[in-house]
Amino acid sequence: MGDKEEFDEGEIEYTSYAGEHHLPLIMSLVDQELSEPYSIFTYRYFVYLWPQLCFLAFHKGKCIGTVVCKMGEHRQSYRGYIAMLVVIKPYRGRGLATELVTRSIKVMMESGCEEVTLEAEVSNKGALALYGRLGFIKAKRLHHYYLNGMDAFRLKLLFPRPHVPQMVSEEQTKPEHEIFPRPRD
């Protein structure tokens with residue numbers, strides 16, 4: 001199945017999670033492509049609580065990609081988390097993963113998240129390159145993070161904070177030479 005699938009970008013349909021009929025599609029993709037095993041309870045946790053952060057990609061009725069995310073309070077801030085991202089091999093390298101992730105990040109940003117985090121296997125060059133292009137930085141290396149013994153990088157995307165004008169004291173409005181007078185000769 002290593003051959004690239006031929007398709008036009010316009011043939012790909014993206015949709016938000018729309019109910020229980022999407023759950024087996026997501027589970028099948030993740031089970032076949034990701035190294036970690038997840039229970040049905042893990043999937044339901046994400047898709048029931050944050051259906052607006054779960055997107056699927058279809059080509060001619062076949063589910064070919066998905067992203068599953070969540071968001072919530074974390075250490076006095078509100079942050080998003082990308083739990084799972086899959087695009088099946090014949091469709092990789094054509095921007096589908098970027099589109100799926102971008103859609104979820106947009107919802108997180110609009111919902112007030114200050115950052116988005118995720119973990120990626122240190123050997124997953126494709127994922128690391130994708131997230132790097134999207135502006136994620138490596139925040140930490142997590143040793144033996146996965147059940148298969150592999151290390152992970154914790155990746156972070158920080159959203160720029162909106163500029164809030166601050167109260168300016170009268171002292172700050174004076175030209176510098178009035179605050180710090182120059183010595184006279």
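Predicted model: local features only at pLDDT ≥ 70, side-chain atom pairs only at ≥ 80, totals over all residues.
**View 1. The largest pocket and the elements around it.** Let's start with the largest pocket, which has a volume of about 880 Å³. Its lining counts 34 residues, and those closest to the pocket centre are Leu 34, Leu 85, Asn 124, Ala 127 and Tyr 131. Strand β4 (77–87) gives the largest share of this lining, with 7 residues. At least two lining residues each also come from α3 (96–110), β5 (115–121) and α4 (125–133). Sorted by class, the lining of the largest pocket holds 21 nonpolar, 6 polar and 7 charged residues.

View 2. To find it, look for His 74, Arg 75, Ser 77, Arg 79, Glu 115, Ala 139, Lys 140, Arg 154 and Lys 156, which line it. Two or more of the lining residues come from each of β4, β6 (137–142) and β7 (152–158). How do the lining residues of the second largest pocket divide by class, into how many nonpolar, polar and charged? There are 6 charged residues, alongside 2 polar and 1 nonpolar.

View 3. Tyr 48 belongs to helix α2, which spans residues 40–49. Is Tyr 48 buried, partly exposed or exposed? Tyr 48 counts as partly exposed because its relative accessibility is 45%, and partly exposed covers the range between under 20% (buried) and over 50% (exposed).

Key:
Residues numbered from 1 in each chain as written. Heavy atoms only, no water. 1 Å grid on protein atoms, 1.4 Å probe; cavity = no way out; pocket = protein on both sides within 12 Å on 5 of 7 lines; lining within 4 Å. Points joined across faces, edges and corners; volume = space filled by probe spheres on them. Helix = DSSP H or I, 4+ residues; strand = E, 2+ residues; numbered from the N terminus. Nonpolar A, V, L, I, M, F, W, Y, C, P; charged D, E, K, R; others polar. Buried < 20%, exposed > 50% of the residue type's maximum accessible area, 1.4 Å probe, protein only.
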